[in-house]
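Here are some friendly notes to read with the model open beside you. Take the points one at a time, and find each place in the structure before moving on.

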Amino acid sequence: MLRKKTSGVANGPLSSSFIGKAAETVVDRRAFLRGSGLAIGGLATAAALVGSNVTPAQAVGSAASVEIRKSVCTHCSVGCTVVAEVQNGVWTGQEPGWDSPINLGAHCAKGASVRETASGERRLKYPMKLTGGKWVRMSWDDAINEIGDQMLDIREKSGPDSVYWLGSAKHSNEQAYLFRKFYAYWGTNNGDHQARICHSTTVAGVANTWGYGAMTNSYNDMHNSKAIFIIGGNPAEAHPVSLMHVLKAKEQNNAPVIVCDPRFTRTAAHADEYVRFRPGSDVALIWGIMWHIFDNKWEDKEFIRQRVYGMEDVMAEVKKWDPAETERVTGVPGAQLKRVAKIMANNRPGTFVWCMGGTQHTNGNNNTRAYCAFQLALGNMGTAGGGANIFRGHCNVQGATDFCVLSHSLPGYYGLSAGAWKHWARVWDEDIDWLKGRFDSIKGKDGKSKSLMNQKGIPVSRWIDGVLEDKENIDQPDNLRAMVFWGHAPNSQTRMKEMKTAMEKLDLMVVIDPYPTVSAVLSDRTDGVYLLPATTQFETYGSVTASNRSLQWREKIIEPSFDSLPDHTIIYKFAKKFGFADRMFRKIKVTNDEPYVEDVTREFNGGMWTIGYTGQSPERIKAHMANQHVFDRTTLQAVGGELDGEYYGLPWPCWGTAEMGHPGTPLLYDTSKPVAEGGLCFRARFGVEHEGNNLLAEGSYPVGSEIKDGYPEFTMGMLKKLGWDGDLTADERAAIEKVAGDKTNWKVDLSGGIQRVAIKHGCAPFGNAKARVKVWTFPDPIPLHREPLYTSRRDLVADYPTYSDRKLYRLPTLYKSIQDVDHTAAYPMILTSGRLVEYEGGGDETRSNPWLAELQQDMFVEMNPFDANGKNIRNGDMVWVKTPEGAQIKVMAQVTERVAKGVAFLPFHFGGHLEGKDLRSKYPEGADPYVLGESANTAFTYGYDSVTLMQESKCSLCTIERV
Amino acid sequence: MARMKFLCDAERCIECNACVTACKNEHEVPWGVNRRRVVTIQDGKPGERSISVACMHCSDAPCTAVCPVDCFYQTEQGVVLHSKDLCIGCGYCFYACPFGAPQYPQAGNYGSRGKMDKCTFCAGGPEEDMSSLEFQKYGRNRLAEGKLPICAEMCSTKALLAGDGDQVSNIFRERIVARGFGSGAWGWGTAYSIKG
Amino acid sequence: MIAITRKFLVLLALTAVVTGLSACAEEEQNRVLSYKKGTYLGETDQQLSEDQLRTLINRSNAQRVY
């Protein structure tokens, strides 16, 4: 039959065709994995189970008209617009969001399949509780009552700090804000979210360098970059749409792309220069590059003189990192680093991108500050095309961080001081004494009682220690006894075997999530676990902040699936149960237990003065979403029309009130524009002088500033001194007087008058100072290289030891005592981890999406052929990865040169297997993800950052053996 | 007259698989059937490149030539489609196709969409345009809706282009000029008997 | 006895053949049974209109975002 027609048959036999060639020469990751997973439980039903209750097949062709609704993707932080087609209340299709200046219609695998997230079958469908090892369905009312009673009992016996409120980077801004307010009203600071284990070291490091802890420029602004430097980040997989902007600069500006990573990532595949370095040696690498910059005097001396404090101390440290020492520590030859230094010096402005590879270390805050120092030395800050472009990982991790779903601050980074509480009590119209009465207290070292209201809570990275640590060693009255996992994947956290023990020791576990998550199955509990179904963000509405600080408004696409409820409704129900709903929601309209979202936005608009979340009223954000097409795709500025001059999404700080009409700040610290038009200078946050040196800017100021030099942050007293207080309206003056008279500063003035007047005179309300590369309040004022706790290089420990053991955030924290033990004989390989494009976070959501799950069916470990051959391991073999704290995971070996000799890589999105055991049967029926696998974090070990308690999940030790 | 073509720019493709899931989402393609996939060469090594592959809707399509029941036809815009009513699922087209495009369900028929399945360039098939029957058998007909294939329209880096061949090659040519070097539009020689 | 049976069998066979052949009619099978080599005999697809094509060409051009 093949001879039926001879003309026009394929140009050659199959073996010479393109696919044939590709298949013969290599086996890629997916081809390798795709074939192998067909027998996995749960997959058999997948083919039959694709789609929702009502499929588009039924809806298409029906007379129902198609409605278009806009939302924002719920995966990474790029902020891609999702355009949904809805027919008869069914989400029938997705169209490209062409008008979005951020993604221009583009999506990655996850964004292109979000319809399944909202309409899929494998959701947690009803409130359930674990009774005698079985999941039993219950009503919402019963669930809230039962859980509430148990919590109130714990509160009574052990104090409010024994309940832990673990929130989420998936909350909308309004939900994040309410959640933070909620655990304040409960009376604890024991609340936190993913930001702790993702960019906490960035936020701390960056905010302590120049004022704000956020991405300084935007994805779009990379169009202006002349060079792109990416370290510890794999945006091609973690933020795929950002690559559209990176590749534009690469192609059209001929901008060299430099990727520094221990692993040859998919991003590295598109780099002009790939620098492979040893995991955990970031500071050494950066100093090693800067050695060449200083050696050749390529630094921007004028920029440093005007706007940087402490650079000479950095220079002194960098001097130690000559090419020989840098190569000894990082493994990178000096010649390559000289080339990199030269590229960055010759192609300014260059942008600097980093992600988890830099942050998740015991000295993560040192890494992030070294990156800042690098950009400051080259004068790449505060300019289009430059900046510290910190790509954040979850759809609203920026927003949830800004609203401080954290254990160490109130919303807007106000901290936990008495003044901070007073400010928010004022915003909430709350009686400060009533709030104080909600909190417990402990005896300080001086024997005096101190309220836990002002003490940092336990961070999420350490909740297991809050349960397991001896009560006497924790600075709170009792251990944690109840955990609430509100949109959190436990497998995103290290030390999972200990976590299992901690879960079993708790009195109560509550999971509030669209999916059961690994929390439902990890422990051997048979009782006392509740699962409450939350909606996804596609079944509710509200604002969300992208990595570039732009706010976007999500419309509700469909009504909540099954019995699920939006987070803000669940928060209200608990507040009602605990008896403080009327206080907490006094300024917010509530209908059928659902708080009116726009009222929440307006409430936080009234309090978030520090970082300018005050100008983005719901109406303004919605207008931007409705008119996305008017914004320039590079500057993000609206051209013409009613929004003329405004920046897309009013990137914070959007100063003053909404009425003031500030356009948002597209690039932080950019002095080339007036503050009123989005310009800025470095923030005066660290005082006016240090050790006799001036910390204020010298001769540098935003265009149009009436003060032609540095100045401290604005207060009422300062306005008076400048003679500008006459510009205040009577109402503003009265409001300022009411707060603290002349001492009222720009952060606590609820009228926004001080900000308005300062900006009117061309000044930044937060002052005009130098950035500091020396953070004298941190353990290492100048960033130092320190060997990881589990280092493979024992020869470097003496020269670059870690910290001494210490107490941080209420808990004893180990450094030296762990590093002192040599594990390299039994565990000779370095273990690192990272993301895959198909999955996100703990992966419960994405592994439950058949379109994604099909693409990545097996958990694996990447190892170099050199190591594999040495252990007689072949591609596709099942292996045990064993780590020094006694954990082991059973995964498939992928033998590849992607990793260096002696390095193994694990993707971290898998869950549902534990040390070789399949836990599928423990999920509630029909709610198990299609794909399960060992969690990388079962294997990952102890280690926490010295400032933020970020977990170390990028550098440990392991050995790999055939099963 | 428009001639519809796909173009995958290997310098841009980052193997994010948006094209794959967008296709699944748009047409409700079941597990195990992949109308489009991404192939990576030199995986994990310098020179690693990825290409998104589906039916290229060849000018002189080999599948059409070998089909024993002549179930293929080509639209005026060059889109190669087939009738699932005629198809007997023999698999010859798979052996003939230089791109490995034809797909077959793993076991037996699934739903009403048995037999061979492949990329339709989002142009549905020989049923009434935009009807429910067309959707069930062949997937959505975006061309009839005035839209281009979803895989290209959602591509994260705009590596995958689809549409009128002249427009698409103009876009690509501009990129090559900006880059200062050309790597060729992957598969164009084979599919459209032109180089690059 | 034998003759009758034979007659009966012939009749039966004839009936079977006639019935079998009549079941081969294309309209009853609802599918194409006789092929013309190299010719597509399936249902005819609709053509895109000029307007649709113009929209598609414009949309092709709109992919030039970067």
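**Notes on the model**

1. Let's begin with chain C. Of its 66 residues, 14% count as buried. Chain C contains three helices and zero strands, and its pattern along the sequence reads α-α-α. Please keep in mind throughout that this is a predicted model.

2. Now turn to chain A and its open sheet. Five strands take part, in the order E10-E9-E8-E12-E13 (chain A), and their pairing is parallel. Strand E10 (273-275) and strand E13 (388-390) of chain A are at the edges, where each has a single partner strand, so one side of each has no neighbour in the sheet. From one strand to the next, the twist averages 20°.

3. Look next at one pairing inside that sheet. E8(A) and strand E12 (residues 350-354) of chain A run parallel and are joined by five bridges. In the loop between helix H14 (334-346) and E12 of chain A you will find Pro349(A). The peptide bond joining Arg348(A) and Pro349(A) is cis, with omega about 0°.

4. Strand E9 of chain A holds a residue worth a visit, Ile258(A). Is Ile258(A) buried or exposed? Ile258(A) has 24 C-beta neighbours inside 10 Å, and the cut-off for buried is 20 or more, so Ile258(A) counts as buried. Leaving aside residues up to four places away in sequence, its contacts include Ile228(A), Phe229(A) and Ile230(A), as well as Val340(A) and Ile343(A). For a sense of scale, Ile258(A) and Gln819(A) are 561 residues apart in sequence, and their C-alpha atoms are 32 Å apart in space.

5. Helix H9 (residues 242-252) of chain A is next. Nine of its eleven residues are buried, so this helix is largely enclosed by the rest of the structure. Among the buried residues of H9(A) are Leu243(A), Met244(A), Val246(A) and Leu247(A), and also Lys248(A) and Lys250(A). What do the buried residues of H9(A) pack against? Their partners are strand E8 (227-231), helix H8 (235-238) and strand E9 (257-260) of chain A. Just after H9(A) comes Asn254(A), with a positive phi of about 55°.

6. Helix H10 (residues 282-295) and helix H13 (residues 323-330) of chain A pack at an angle of about 160°, and their axes are 9 Å apart. Because of that angle, H10(A) is roughly antiparallel to H13(A). Their crossing is left-handed. On the H10(A) side, Ala284(A), Leu285(A), Gly288(A) and Trp291(A) meet Thr326(A), Val329(A) and Thr330(A) in H13(A). Sorted by class, this contact has four nonpolar, three polar and no charged residues.

7. E16(A) is mostly covered, with five of its five residues buried. Ala482(A), Val484(A) and Trp486(A) point one way, while Met483(A) and Phe485(A) point the other way, and all are buried. E16(A) runs parallel to strand E6 (residues 163-166) of chain A, with four bridges between them, and Tyr164(A) stands opposite Met483(A). E16(A) also runs parallel to strand E17 (residues 508-513) of chain A, this time with five bridges, and Ala482(A) stands opposite Leu508(A).

8. Finally, here are some backbone details to check. Most residues other than glycine have a negative phi, and most peptide bonds are trans. Which value does phi take in Leu650(A)? Leu650(A) is not a glycine, yet its phi is positive, about 45°. Leu650(A) lies in the loop between H25 and E23 of chain A and is buried, with 29 C-beta neighbours inside 10 Å. Pro653(A) also has its place in the loop between helix H25 (618-626) and strand E23 (689-690) of chain A, and the peptide bond from Trp652(A) to Pro653(A) is cis, with omega near 0°. Tyr809(A), too, has a positive phi, near 50°. Tyr809(A) sits in the loop between strand E26 (806-808) and strand E27 (811-813) of chain A, and is buried, with 23 other C-beta atoms within 10 Å.

How values were computed. Residues numbered from 1 in each chain as written. Chains lettered and ligands numbered in written order. Predicted model: local features only at pLDDT ≥ 70, side-chain atom pairs only at ≥ 80, totals over all residues. Buried ≥ 20, exposed ≤ 12 C-beta atoms within 10 Å, placed from the backbone. Helix = DSSP H or I, 4+ residues; strand = E, 2+ residues; numbered from the N terminus. Contact = placed C-beta atoms within 7 Å. Pairing = 2+ DSSP bridges. Axes fitted to C-alpha atoms, helices over the stretch in contact; angles between N-to-C directions. Parallel < 35°, antiparallel > 145°, perpendicular 65-115°, else oblique. Left-handed = near helix turned anticlockwise from the far one by under 90°. Nonpolar A, V, L, I, M, F, W, Y, C, P; charged D, E, K, R; others polar.
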